[in-house]
Amino acid sequence: MPTITTAIRFAELRDAAALANVHESAWRGAYAGLIPHGCLQSILQRRQTGWWQRAVQNGAGILVVDYCGETVGYATMGRNRTQALAVDGEVYELYLKPSHQGVGFGRRLFAASQKLLRERNLASQAVWALADNSLATGFYERLGGVVIAEGEERFNDKALRKIAYAWPAK
């Protein structure tokens, strides 16, 4: 009988191509038709293997989800980047391949991200999501996120509303 394993761990240089693959498939799944096609293509082109190699080398906080030896998701996190938000840390990104969404990997990855931020004395956290991305907003609401701010993200001439969710210090 085969053994099914799932692990959440820090990203390593050898993960760069897999991270680029997860990023592309997750962004195409989440944002096709929402973010203008040219902008989406440009973002995907910038975030290829070399970009991820540099991020890992520069010490970015990146966790990956491995399932049966395949990287199926990642999260990036660090200090809060928005001074107007009264939180310490931020989950910058949390993405899974569409084929691995809805089975608990996101919940586990988010919990691991929060734990890592708390260990780094970033006790309260926030995450931003595009308001029209109902999978993301529903996910963060089910995890107990409280809406604390709204903003706007511009993609060329298209403005999309974004929402900040927060989790207070425990």
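Please keep in mind that the model is predicted.

Helix 1 covers residues 16-31 and helix 2 covers residues 37-46. How do they pack? Their axes lie 10 Å apart, at an angle of about 165°. Angles over 145 degrees count as roughly antiparallel, and therefore helix 1 and helix 2 are roughly antiparallel to each other. Their crossing is right-handed.

Which residues make this contact? From helix 1 we have His-23, Glu-24, Trp-27, Arg-28 and Tyr-31, and from helix 2 Leu-40, Gln-41, Ile-43 and Leu-44. Sorted by type, the residues of this contact are 5 nonpolar, 2 polar and 2 charged.

Now step back to the loop between strand 1 (6-10) and helix 1, where you can find Asp-15. Is Asp-15 buried or exposed? Its relative accessibility is 3%, so Asp-15 counts as buried. If we leave aside its neighbours within four places in sequence, Asp-15 is in contact with Arg-9, Phe-10, Val-64 and Thr-71.

On to helix 3, residues 49-57, where Trp-52, Ala-55 and Val-56 are buried. These three cover an arc of only 95° around the axis, so they sit on the same side of helix 3. Here is a handy reminder: an α-helix has 3.6 residues a turn, so residues three or four places apart point the same way. And what covers the buried residues of helix 3? The cover includes helix 1, strand 2 (61-67), strand 3 (70-79) and strand 4 (89-96).

One last stop: just after helix 3, Gly-59 has a positive phi of about 80°.

Technical notes: Residues numbered from 1 in each chain as written. Predicted model: local features only at pLDDT ≥ 70, side-chain atom pairs only at ≥ 80, totals over all residues. Heavy atoms only, no water. Axes fitted to C-alpha atoms, helices over the stretch in contact; angles between N-to-C directions. Helix = DSSP H or I, 4+ residues; strand = E, 2+ residues; numbered from the N terminus. Parallel < 35°, antiparallel > 145°, perpendicular 65-115°, else oblique. Left-handed = near helix turned anticlockwise from the far one by under 90°. Contact = heavy atoms within 4.5 Å. Nonpolar A, V, L, I, M, F, W, Y, C, P; charged D, E, K, R; others polar. Buried < 20%, exposed > 50% of the residue type's maximum accessible area, 1.4 Å probe, protein only. Arc of directions from axis to C-beta.
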